[in-house]
Amino acid sequence: MKKIITILAGTAAALSMSAQLAFADLKIGIAAEAYPPFAEKAADGTWKGWEVDMIGAVCAAMNEKCEIVPIAWDGIIPALLAKKMDVIMASMSITEERQKTIAFSDKYYNTPAVIVAPKGSSISGDAASVKGKIVGVQVSTIHANYVEKHFGDADAKSYNTFDEHNQDLVAGRVDAVVGDSLAMQPFLSSDAGKGFEIKGELNDVAVFGPGVGGGLRKEDTDLAAKLNAAIKKVREDGTYGEISKKYFSFDIYGG
């Protein structure tokens, strides 16, 4: 059953934006699958993580009451188009392919993609190193698109969730996995991930795009402008940095 959590927005810092167009009960869609440290369920069933905190911050900056609506990743864009939510904030990269269907806000973070494999493995970021190997990726992601484009001689294996391909990596059912570098850190720091390491950083702007942004319906231009102003505000007033330092030792906004 879809869980809805209400975030009551409204800080003094956001009052300067209150004269702008208001949206009642703005619904923010996140992926239902755990994606730490960006979003995951706490023991009490609430959602926590960097992106959850950012949702709270931008909703406060917009002076909006927001609801977090978890939706399965592979159905999250159809859910937006069906108006089950108003914005996607689920570590969704801005890509030309997705922009054919939806619009995006300005980016709010950008971290590199990496390939992870067992320590001692000869696998690297070079395509020749994964020829004939099984490479795990999460379905409908830029990482899956990268493997399809660059690792054509590998056997790509798709998973519904990030955790599932990591579990198969530990079990030896895949030789490597490709994913976001920051999302990989909790796994690599865990007991299960201690035998694995980052083998290479993967770069292709055409595939990965300029970074992660909020996904919106193309016709919601007023909301896009309001969200962009909120992202700019939390960057400039220090809120972004205060949230980020709880999770990361560097600025994940990227170049």
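The model is predicted: local features need pLDDT of at least 70, side-chain atom pairs count only at pLDDT 80 or more, and totals for chains, interfaces and linings use all residues. Residues are numbered from 1 along each chain as its sequence is written, and side-chain values use heavy atoms, with hydrogens and water left out. Helices (H or I, at least four residues) and strands (E, at least two) are DSSP runs, numbered from the N terminus.

**Helices α5 and α6**

- Helix α5 (residues 162-171) packs against helix α6 (residues 181-188) at about 50°, and their axes are 12 Å apart.
- That angle makes α5 oblique to α6. Angles under 35 degrees count as roughly parallel, over 145 as roughly antiparallel, 65 to 115 as roughly perpendicular and the rest as oblique.
- From α5, Phe-162, His-165, Asn-166, Leu-169 and Val-170 take part in the contact; from α6, Ala-183, Met-184 and Phe-187 do. Contact means heavy atoms within 4.5 Å.
- Six of the residues in this contact of α5 with α6 are nonpolar, two are polar and none is charged. Ala, Val, Leu, Ile, Met, Phe, Trp, Tyr, Cys and Pro count as nonpolar, Asp, Glu, Lys and Arg as charged, and the others, Gly among them, as polar.

**Aromatic rings**

- The structure holds 15 aromatic pairs. Rings of Phe, Tyr and Trp (its six-membered ring) pair if their centres lie within 6.5 Å; planes under 30 degrees apart count as stacked, over 60 as edge-to-face and the rest as tilted.
- Phe-38 and Trp-50 pair edge-to-face, at 6.0 Å centre to centre and 90° between the planes.
- Phe-38 lies in the loop between β2 (26-31) and β3 (40-41) and Trp-50 in helix α1 (residues 50-62), so the pair ties together parts twelve residues apart in sequence.
- Phe-38 is buried, with a relative accessible area of 0%. Buried means under 20% relative accessible area, exposed over 50%, partly exposed in between (1.4 Å probe, protein chains only).
- Trp-50 is buried too, with a relative accessible area of 0%.
- Trp-50 also pairs edge-to-face with Tyr-109, at 5.4 Å centre to centre and 85° between the planes.
- This pair links distant parts of the chain, 59 residues apart: Tyr-109 sits in strand β7 (residues 103-109) and Trp-50 in helix α1.
- Tyr-109 counts as buried at 2% relative accessibility.
- Ring pairs join a cluster that includes Phe-38, Trp-50, Tyr-109 and Phe-162.

**Val-130**

- Val-130 is in the loop between β8 (113-118) and β9 (134-138).
- Val-130 counts as buried, at 0% relative accessibility.
- Not counting residues up to four places away in sequence, Val-130 touches residues including Ile-115, Val-135 and Phe-151.

Technical notes:
Axes are lines fitted to C-alpha atoms, for helices over the stretch in contact, and angles run from 0 to 180 degrees between N-to-C directions.
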